[in-house]
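Let's take a friendly walk through a protein structure, one part at a time. Have the sequence and the picture ready as you read.

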Amino acid sequence: DTVEQIVREENIDCGFARTGHLLAANKPKHFDALKDEVELMAKEFNHKVHLVPPGEMQSEIGSQVYHGALVDEVSGGVNPAQFVAGLARAAEKAGATLHARARVTRIERRGTRFVIQTARGVVEAESVFVATAGYTSQATKPLQKKIIPIGSFIIATEKLTDDLARELSPKNRMIFDYKHYLNYFRLWDGRMIFGGRAAFFPENENTIRQSAEILRREMVTVYPQLRDVRVEYAW
């Protein structure tokens, strides 16, 4: 709800749409666990989700590999890069100043203030907010020790025909499976966007290529229809 409100108020063009998400069961026992999930969401959060039995999966996904699914109709999807760019413009409009390509290399406390060394110069501040997640560096060593970066990679196919796109995802859901190292995928701009934890090493040209190959194999396992479709992007 908050994301939707921000997108509307700040007029952010990021393809926000509440088309719901589909959590697909890889095994019959996963579907049994999803039954408990429906009850839990209703009881603890007063939130209604529903199950799709194995025999009715074609209404949700053009794949034969899953054993039922859970649907949450109110979930939404965005293009995250466009959303972040829109947030940046909104922050500037609200009075914030943004300084790109200013990687922080050192943070030092001097009395009641902080001195921040960056690639573009030195900044002094009364307080510092660190929001680096998996990119946390040695500039904040105590935080870096508490975070384990895990690689998550994505591939995007060439543009698909309208008929094939509808076959793959009739309701244009955000889709992910039940595996611990899950796959997640959706249609965007007429392409199949397919992601997953293909590798656990730093991002470089070789690891991206290797991860793209792994993800392509996963994608074709889910969607044999995409066997002859080109992958045009990987990141």
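We start with N79, which sits in the loop between β3 (69-72) and α3 (80-93). Helices (H or I, at least four residues) and strands (E, at least two) are DSSP runs, numbered from the N terminus. Is N79 buried or exposed? N79 has a relative accessible area of 16%, so it counts as buried; the cut-offs are under 20% for buried, over 50% for exposed, and partly exposed in between (1.4 Å probe, protein chains only).

The side chain of N79 has a polar atom 3.1 Å from the backbone nitrogen of A81, and a polar atom of that side chain also lies 3.1 Å from the backbone nitrogen of Q82. A polar contact is a pair of N or O atoms within 3.5 Å; within protein, one must be able to donate a hydrogen and the other to accept it, and residues adjacent in sequence count only if both atoms are side-chain atoms. Leaving out residues up to four places away in sequence, N79 touches C14 and W188, where contact means heavy atoms within 4.5 Å.

## How to read the numbers

This is a predicted model, with residues numbered from 1 along each chain as its sequence is written. Local features need pLDDT of at least 70, side-chain atom pairs count only at pLDDT 80 or more, totals for chains, interfaces and linings use all residues, and side-chain values use heavy atoms, with hydrogens and water left out.

## A buried serine

S63 belongs to the loop between β2 (50-52) and β3. With a relative accessible area of 4%, S63 is buried. Its side chain reaches the backbone nitrogen of V65 at 3.3 Å, and a polar atom of the S63 side chain lies 2.7 Å from the backbone oxygen of V222. Beyond residues up to four places away in sequence, S63 touches Q58, V222 and Y223.

## A three-stranded sheet

Now look at the open sheet, where three strands follow the order β4-β5-β6 with antiparallel pairing. Which strands stand at the edges? They are β4 and β6 (121-125); each has a single partner strand, so one side of each is left without a neighbour in the sheet. Two strands pair if DSSP finds at least two bridges between them.

Six bridges link β4 (residues 104-110) with β5 (residues 113-118), and I107 has I116 as its bridge partner in β5. The hairpin of these two strands has two residues between them, and G111 there takes a positive phi near 65°.

## An exposed arginine

R120 is in the loop between β5 and β6. At 57% relative accessibility, R120 counts as exposed. R120 and A100 are 20 residues apart in sequence, and their C-alpha atoms are 9.3 Å apart in space. The R120 side chain reaches the backbone oxygen of A100 at 2.7 Å. Apart from neighbours within four places in sequence, R120 is in contact with H99, A100, R101 and A102.

## The largest pocket

How many residues line the largest pocket? There are 26, and H99, A102, R103, V104 and F129 lie nearest its centre. The elements giving two or more residues to this lining are β4, β5 and β6, and β6 provides the largest share, three residues.

A pocket is found on a 1 Å grid over the protein atoms alone, as an open set of points where a 1.4 Å probe fits, with protein on both sides within 12 Å along at least five of seven lines; lining residues have an atom within 4 Å of a point.
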